Amino acid sequence: QASQEELKAAYRRLCMLYHPDKHRDPELKTQAERLFNLVHQAYEVLSDPQTRAIYDIYGRRGLEMEGWEVVERKRTPAEIREEFERLQREREERRLQQRTNPKGTISVGIDATDLFDRYDEEYEDVPGSSFPQIEINKMHISQSIEAPLTATDTAILSGNLSTQNGNGGGSINLALRRVTSAKGWGELEFGAGDLQGPLFGLKIFRNLTPRCFITTNCALQFSSRGVRPGLTTVLARNLDKNTMGYLQWRWGIQSAMNTSIVRDTKTSHFTVALQLGIPHSFMMVSYQHKFQDEDQTRVKGSLKAGFFGTIVEYGAERKISRHSILGATVSVGVPQGVSLKIKLNRASQTYFFPVHLTDQLLPSAVFYATVGPLVIYFAMHRLIIKPYLRAQKERELEKQRENTASDILQKKQEAEAAVRLMQECVRRIIEAEEARMGLIVVNAWYGKFVNDNSRKNEKVKVIDVTVPLQCLVKDSKLILTEASKAGLPGFYDPCVGEEKSLKVLYQFRGVLHQVMSADNEALRIPKQ
């Protein structure tokens with residue numbers, strides 16, 4: 001966002017610093033010529049609105065001859081940006097054609113009631129009765145893929161298999177979706193299964209206003225008992241920026257009317273719902289708190305009461321790797337008993353393990369369902385997950401260092417040359433600042449600092465940037481914008497891929513001060 005005046009001022013200052021005629025030493029003169037040419041090339045690009053637009057969009061590669069093939073030299077910056085956006089859309093369409101967007105769910109139900117509900121007299125004469133019987137009593141597997149046919153048409157193929165206590169079945173569905181306009185889409189669905197006959201469905205989505213939409217789903221299920229029609233309609237409206245209200249009416253199998261309000265903010269998620277229907281009517285309230293940490297930790301609780309009984313649920317979920325989220329929920333209900341539900345989301349795949357612990361309300365089952373997963377998680381996190389993620393990060397950093405080694409070496413040589421060329425200019429700046437009791441940089445370091453005792457085994461990686469910072473002082477002020485400081489004259493990146501900071505010890509009006517600034521944080525000293 002720098003203006004032309006700011007560019008000219010920076011260009012003049014760097015030209016005065018690196019001009020070859022200002023340096024008599026042959027080695028310094030050679031280094032000055034190289035840096036002066038780099039500054040001149042940068043100014044040539046940034047002072048021309050057209051080349052600046054190309055550089056902003058494509059980077060340095062866009063300035064090479066290959067980069068000019070995508071845009072004509074005669075175009076204005078606005079036209080270049082339009083062309084870039086058009087090419088982006090084309091790339092997105094090509095990527096869309098290659099994407100199948102697979103989604104899957106695997107659910108394994110475990111019956112562990114023998115841990116808490118067993119009666120010793122029943123097992124006295126049974127061999128091996130001292131060990132509780134834990135068994136898998138149900139499984140469900142579903143998978144779907146999308147196949148974009150055109151920019152507006154998509155085919156969706158899905159299937160599922162379910163089994164419970166030795167009995168089960170499956171079905172397969174094909175849906176064809178067409179986006180009719182910016183306001184809506186329609187979908188035709190065809191399905192068949194071994195337990196149920198053919199299924200024909202129609203789903204329509206439509207934006208009624210910018211804040212309101214409606215979804216209608218009609219279905220005809222054919223079976224040996226005849227044709228069973230079904231209709232579901234959902235009307236939704238934005239009540240405010242973070243709140244949605246829903247009204248649902250379902251007719252046919254398990255007819256019901258449902259209304260709910262969902263409020264989703266940066267730190268919380270709240271839902272209240274009421275349903276009147278056959279066979280189930282209920283009221284449900286749930287709340288989820290989102291912690292603003294790097295692991296995206298969330299804790300949640302809900303209360304659901306209806307004709308089927310009452311259920312209280314509480315749990316938490318946390319990000320354990322870049323693409324994986326692990327969660328656990330304890331469900332306590334009457335007459336359902338106590339269950340522990342473990343869920344792992346890995347990219348677009350979901351693995352769900354509901355463990356039924358007891359049919360009764362036993363405090364011991366609630367205790368172990370709550371404490372057990374916490375103990376196991378923290379043990380695994382400390383002994384397995386954390387070391388694995390640390391090793392993975394080290395491998396990525398090592399690979400990044402190898403890929404950028406030659407570039408960093410060149411930047412280091414340029415920075416060292418720039419520091420040597422700055423010496424005379426810095427001497428004059430210090431003399432002027434001392435005369436007015438102004439800003440003098442006593443010491444400055446840039447790189448990775450280790451202040452935390454838990455990281456004391458890590459190596460400090462910093463470079464001395466006292467001279468480059470003093471060179472940037474003007475009228476007893478030092479102003480750095482919100483950008484990585486590795487790009488400043490006389491700087492380079494001493495620890496690629498790692499968190500960096502700038503530490504400055506400076507003197508102003510004869511008093512010593514110290515400031516610490518993050519790599520991309522703006523800095524202005526002296527502090528007001």
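A disulfide here is a pair of cysteine sulfur atoms within 2.5 Å, and by that rule the count in this predicted model comes to 0. Local features need pLDDT of at least 70 and side-chain atom pairs count only at pLDDT 80 or more, while totals for chains, interfaces and linings use all residues. Residues are numbered from 1 along each chain as its sequence is written, and side-chain values use heavy atoms, leaving out hydrogens and water.

View A. For C212, the nearest cysteine sulfur belongs to C218, 18 Å away. C212 is buried, at 12% relative accessible area (buried is under 20%, exposed over 50%, partly exposed in between; 1.4 Å probe, protein chains only). C425 has the sulfur of C471 at 4.1 Å, and is in no disulfide either; C425 is buried too, at 19%.

**View B. The largest nonpolar core, with 42 residues.** Such a core is a set of buried Ala, Val, Leu, Ile, Met, Phe, Trp, Tyr and Cys residues joined through side-chain atoms within 4.5 Å. Among the residues with the most contacts inside it are Y18, M422 and L502. Elements that each supply at least two residues include α1 (4-18), α7 (363-435) and β21 (501-508); these are DSSP runs numbered from the N terminus (helices H or I, at least four residues; strands E, at least two). Helix α7 gives the most, with 9 residues.

**View C. Around M422.** Beyond its neighbours within four places in sequence, M422 is in contact (heavy atoms within 4.5 Å) with L17, Y18, V467, P468, C471, P489 and G490.
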